[in-house]
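Take a look at the model below. The report that follows starts with a helix, then turns to a barrel, and ends with confidence.

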2 protein chains.
Amino acid sequence: MKSFITIAFACGGCLLHGAGSLSISDFGGKPDGSDTTLALKKALAACKAQGATKLTFPQGNYNFFPDYADERYCFISNNDEGLKKIAFNLQGFNNLEIDGGNSLFMFHGKMNPVIVRDSEKISLKNFAFDFKRSFHSEATIVGNPEEGLDIKIDPKVFPYRINNNILVFTDGKKSKERKTTTKSKKLIFPYGGSLEFDPVKKEPAYLARDLWVGPAAVVKRMKDGVVRIMDPKLTGKVGNRIIFGPSHREHPGIVIDRSKDTVIENVTVHHAGGMALIAQLSHNVKIHKMQTMAREGSGRLLSATADATHFVNCTGKIEIGHCNFEVQKDDPSNLHGLYARIMKKEGDKTFVIAMIHPQQYGIDFVDPDDELEFVNSKSLVTYGTGKVAQVERINKQYTRVTMQEALPKDFAIGDAIAEIRDYPEIHIHHCRMHGNRARGLLLNCRGKTVIEDNHFHVPGTAILFESDARFWYEQGGVRDCTIRRNVFENGNFGPLQWGTGVIEVRAGIDEEFKSTSRYNKNITIEDNTFILFDRTAIVRTFSVEGLTIRNNKVQYSQEYPRRGLNDKLFDIQFSDQVVIENNDIPELPDFLKEEPKK
Amino acid sequence: MKSFITIAFACGGCLLHGAGSLSISDFGGKPDGSDTTLALKKALAACKAQGATKLTFPQGNYNFFPDYADERYCFISNNDEGLKKIAFNLQGFNNLEIDGGNSLFMFHGKMNPVIVRDSEKISLKNFAFDFKRSFHSEATIVGNPEEGLDIKIDPKVFPYRINNNILVFTDGKKSKERKTTTKSKKLIFPYGGSLEFDPVKKEPAYLARDLWVGPAAVVKRMKDGVVRIMDPKLTGKVGNRIIFGPSHREHPGIVIDRSKDTVIENVTVHHAGGMALIAQLSHNVKIHKMQTMAREGSGRLLSATADATHFVNCTGKIEIGHCNFEVQKDDPSNLHGLYARIMKKEGDKTFVIAMIHPQQYGIDFVDPDDELEFVNSKSLVTYGTGKVAQVERINKQYTRVTMQEALPKDFAIGDAIAEIRDYPEIHIHHCRMHGNRARGLLLNCRGKTVIEDNHFHVPGTAILFESDARFWYEQGGVRDCTIRRNVFENGNFGPLQWGTGVIEVRAGIDEEFKSTSRYNKNITIEDNTFILFDRTAIVRTFSVEGLTIRNNKVQYSQEYPRRGLNDKLFDIQFSDQVVIENNDIPELPDFLKEEPKK
């Protein structure tokens with residue numbers, strides 16, 4: 001068995017920064033191209049040992065390589081589990097601010113920039129980070145032949161090779177490409193879905209939808225560096241960019257796990273191999289002036305390869321203010337709980353649950369003394385609650401739960417449970433959300449939720465109330481949600497599956513239960529401006545109790561061609577206590593008066 | 001955080017089997033098609049709790065599914081690391097015999113049959129195991145067009161689909177094949193290298209070599225169920241079988257890790273997604289009447305997808321007797337130590353090492369008080385030794401080591417270290433090794449090694465002394481090795497890269513050091529029968545001190561066409577104390593007298 005050495009430091013320079021503040025330069029960290037990973041490890045160990053409350057970086061460009069990085073197996077909700085190499089490994093810290101001094105942190109290879117776990121009062125400030133080689137790849141569309149799509153890939157930015165007619169993205173380092181029966185390094189960057197982007201508008205191309213090209217696109221090498229993807233279903237506009245999304249989300253940018261009072265301030269995520277930020281099972285997260293944005297000069301259009309932010313089973317308060325989320329490959333935010341499926345009953349009080357969505361495996365949210373709700377998976381109606389006595393983790397998917405009292409009488413295999421918790425208060429304000437894939441905000445928390453003074457320009461629904469207990473297993477159902485003073489500018493320019501209304505309920509409630517279920521409650525939509533280029537519904541809901549839509553303004557534009565819809569502005573079904581008043585709705589302009597072309 | 005329940009059992013029937021013996025049937029395990037995994041877990045927990053020394057299975061076919069299986073992240077040398085679902089999870093047991101009663105254990109999906117770890121006196125007896133869906137796939141060659149190879153795949157045995165011209169092997173369950181941007185199950189069976197086999201002879205086809213077809217073969221669907229692999233380099237004889245080896249070795253059959261006194265007796269491995277058996281860092285392993293062999297009626301030719309057995313940094317005694325290893329996709333056995341590369345010096349006594357072969361990551365073989373040797377990576381000469389004071393694991397690849405004394409004066413970055421240990425005594429006898437890929441036995445242990453009364457028929461070198469400190473990083477160098485009374489029948493029918501001699505030294509010693517290095521010592525080869533179909537070297541060595549070749553018999557056959565070699569029977573270079581005497585060597589028969597056709 002191993003014996004581990006306690007690391008001790010002789011650090012004469014530390015005093016210069018005050019007892020509570022250390023600098024990376026005292027540990028050998030230099031913005032000179034060298035690997036900062038070991039210096040950071042030493043600095044963090046010293047912060048912990050000395051109880052320092054601040055770690056600073058003199059302004060510069062720092063590099064981080066995975067070789068000497070800490071390692072831990074991580075389950076990260078809505079991203080991919082795995083044994084991660086971690087640069088900023090903030091495990092078990094209390095009261096530490098990391099101030100990057102407006103530096104750029106450049107990560108190399110396959111590693112995770114920041115994981116905060118079991119920590120309290122962590123602030124991450126004043127830095128940007130990027131990856132030398134992105135987890136996704138991009139190409140410019142140069143032709144549209146019938147048999148597929150002609151593209152050009154800049155090999156300096158997105159190294160690739162063609163192996164026996166298959167397109168393979170690499171890190172460009174030839175020396176490691178040796179292949180034997182059992183010995184090879186993971187140097188490839190596998191891809192899954194592709195999506196066409198408009199590089200001038202910096203957004204998904206009009207009506208462009210996900211097209212699966214992974215894990216292996218068959219290609220033909222043409223002259224002049226052109227690569228032809230031999231897939232007739234692929235099309236795209238010459239000059240647009242096709243983005244090959246990574247097959248997995250293994251390297252999200254900032255992970256906050258089972259932590260309390262985390263602050264992210266003035267942090268720019270130029271790239272991440274997964275979500276830019278994901279917080280799970282954590283209490284109080286404040287995000288101020290965060291950005292997702294490709295680095296100028298990087299040759300890339302896309303920023304993070306999944307959501308800008310995502311919150312799972314969090315509590316306390318979540319504030320996202322003055323942020324700019326652009327051109328990441330999924331929603332700006334999704335805030336939700338988790339449902340687990342009831343798999344079998346083992347006694348009066350004991351049953352087995354399973355996480356069904358593989359990216360929720362290992363997120364052990366059920367603890368003794370937790371209060372659970374039992375939920376009909378078809379109606380999302382809660383039919384019982386109870387307190388947990390004991391929990392036995394079987395493996396990352398299955399858990400045995402014993403309640404303190406008997407199970408509810410309607411208990412049924414196939415239904416779901418979720419945690420009744422201190423649902424977080426949510427405040428998202430003064431954010432700009434532009435040009436990402438899919439939707440805007442997915443609001444699925446039962447705490448007071450206020451969305452105000454934001455600017456949305458996204459290809460799908462800008463604000464979505466989703467949740468279901470049969471596919472994504474995301475617990476939601478707002479109780480008090482205010483959406484005010486936002487501008488929704490020419491959204492819904494993507495494919496219909498990303499949403500047909502600006503604000504929508506799409507909870508996973510079976511048709512037969514929509515008339516009785518009231519999953520979302522008390523939604524107020526006021527003082528917003530909706531700029532529409534089509535006959536788009538601004539509010540489309542069902543199964544809502546308490547819906548007020550007032551003092552909103554609608555404007556029409558010709559920014560995009562019509563999508564072919566012919567919807568009413570308000571499409572409200574199976575809802576009670578609905579007030580729609582004092583909205584400023586102009587006459588349909590001439591260009592929308594005609595019936596749409598299908 | 002979780003609280004774990006201690007499992008208690010009311011088991012009235014246990015007494016029937018005596019205090020020390022439990023039966024799976026008392027825990028609900030039935031050979032009726034149901035999942036035995038949970039019953040096995042309960043039974044093993046009861047064995048531990050009650051100190052039972054035996055667990056029996058009434059004869060029958062038992063099924064094991066991964067859903068409720070135990071899970072642990074495992075580093076398994078020469079196989080692939082990962083979070084494993086484990087059926088027979090024998091962690092921390094002492095004195096337990098598992099008697100399968102000649103049952104068949106059928107595993108479903110992606111799981112690991114047996115992992116013995118940190119245990120003592122474990123016996124596994126009297127069972128065979130198989131997988132419902134194999135990790136490799138097979139196809140029959142039906143045509144040899146210029147543009148590739150025409151094959152037919154039995155979809156009942158090896159379900160597959162063709163996705164956008166790419167051949168994908170699946171588990172055949174359609175319901176799980178839904179693909180979304182972020183949610184999909186691992187139900188595919190990725191492949192890497194292919195190899196042609198002769199289904200009548202049950203062995204690799206004459207001269208067939210590994211051809212890389214993974215991760216994605218481009219195919220065309222032809223009429224009558226024929227699939228054309230569009231790769232001109234693929235060829236094969238109509239009627240032969242092409243075997244698609246799995247891309248990884250994630251699910252070896254039996255793993256013995258850091259354990260003592262393990263016995264495997266009368267166990268048949270019909271299939272494994274990796275090696276059939278691998279032991280690492282373990283003391284005393286006895287293998288008696290083990291088999292690797294495809295199950296009759298399974299529709300498969302291949303047994304395990306890698307080595308039959310493999311031993312890494314083991315100690316004590318390793319005995320392999322009366323075994324039958326056939327048609328697995330790598331060597332019958334390889335017994336070696338590990339070298340780690342010296343990466344940097346951090347002080348008079350402290351340095352950092354790294355495992356270089358990715359399948360050796362996480363095998364932490366350096367512990368405090370271990371004795372290490374420092375080895376020149378080009379000559380494999382040991383230039384210093386010393387005792388370890390402290391070890392700090394940085395991550396799965398890198399470890400910081402501090403010695404008790406100063407480092408040797410020749411210490412150099414790029415050289416290697418290995419553990420000087422109680423090298424195991426090795427006895428391999430009365431085994432039949434037939435029709436596997438590559439070589440026979442790789443002998444790389446410094447304990448007394450006796451190989452006797454075996455029958456070899458393998459396509460490469462039957463007995464190989466390999467080892468190197470620059471590619472595979474396998475420590476070897478025999479000190480006392482006797483090879484006697486074996487029959488080497490018509491081996492070396494594969495490609496030249498699997499070896500040109502029957503018994504060979506191929507240690508990784510640079511040309512300039514071969515004349516001085518004496519890496520292998522005291523090899524005696526006596527009373528063996530060599531049956532040759534070519535002018536093949538029966539012994540080819542270099543850098544050996546002490547080599548006796550006596551009383552052997554050579555016979556010639558016409559079983560295969562000549563490979564085009566023209567070698568002497570004994571090709572001994574840079575060796576001392578060489579005795580070659582009293583060997584019974586007939587005249588070259590007429591069919592070998594001609595110069596070979598190139």
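## A helix, a barrel and the confidence scores

Helix H1 of chain A covers residues 37-50, 14 residues in total. From first C-alpha to last, helix H1 reaches 20 Å, close to the 20 Å expected at 1.5 Å a residue. Keep in mind that this is a predicted model.

Which residues of H1(A) are buried? They are A:Thr37, A:Ala39, A:Leu40, A:Lys41, A:Ala43, A:Leu44, A:Ala46 and A:Cys47. Just after H1(A) comes A:Gly51, with a positive phi of about 70 degrees.

Now the barrel. In chain A, 6 strands form a closed barrel in the order S28-S29-S32-S31-S30-S33, with antiparallel pairing. Neighbouring strands of this sheet are turned by 50 degrees against each other on average, direction ignored. Strands of a sheet pair through backbone hydrogen bonds. Strands S28 (residues 340-345) and S29 (residues 350-354) of chain A run antiparallel and are joined by 4 bridges. A:Lys344 has A:Val352 in S29(A) as its bridge partner.

How confident is the predictor? The model scores ipTM 0.92 and pTM 0.94. Chain A averages a pLDDT of 94, and 94% of the residues score at least 70. Two stretches of chain A fall under 50.

| Stretch of chain A | pLDDT | Contacts in the model |
|---|---|---|
| Residues 1-18 | under 50 | 23 contacts beyond four places in sequence |
| Residues 175-181 | below 50 | 6 contacts beyond near neighbours in sequence |

Where pLDDT is low, the predicted coordinates should not be read in detail.

Key: Residues numbered from 1 in each chain as written. Chains lettered and ligands numbered in written order. Predicted model: local features only at pLDDT ≥ 70, side-chain atom pairs only at ≥ 80, totals over all residues. Pairing = 2+ DSSP bridges. Helix = DSSP H or I, 4+ residues; strand = E, 2+ residues; numbered from the N terminus. Axes fitted to C-alpha atoms, helices over the stretch in contact; angles between N-to-C directions. pLDDT = per-residue confidence, 0-100. Contact = placed C-beta atoms within 7 Å. Expected span 1.5 Å × (residues − 1). Buried ≥ 20, exposed ≤ 12 C-beta atoms within 10 Å, placed from the backbone.
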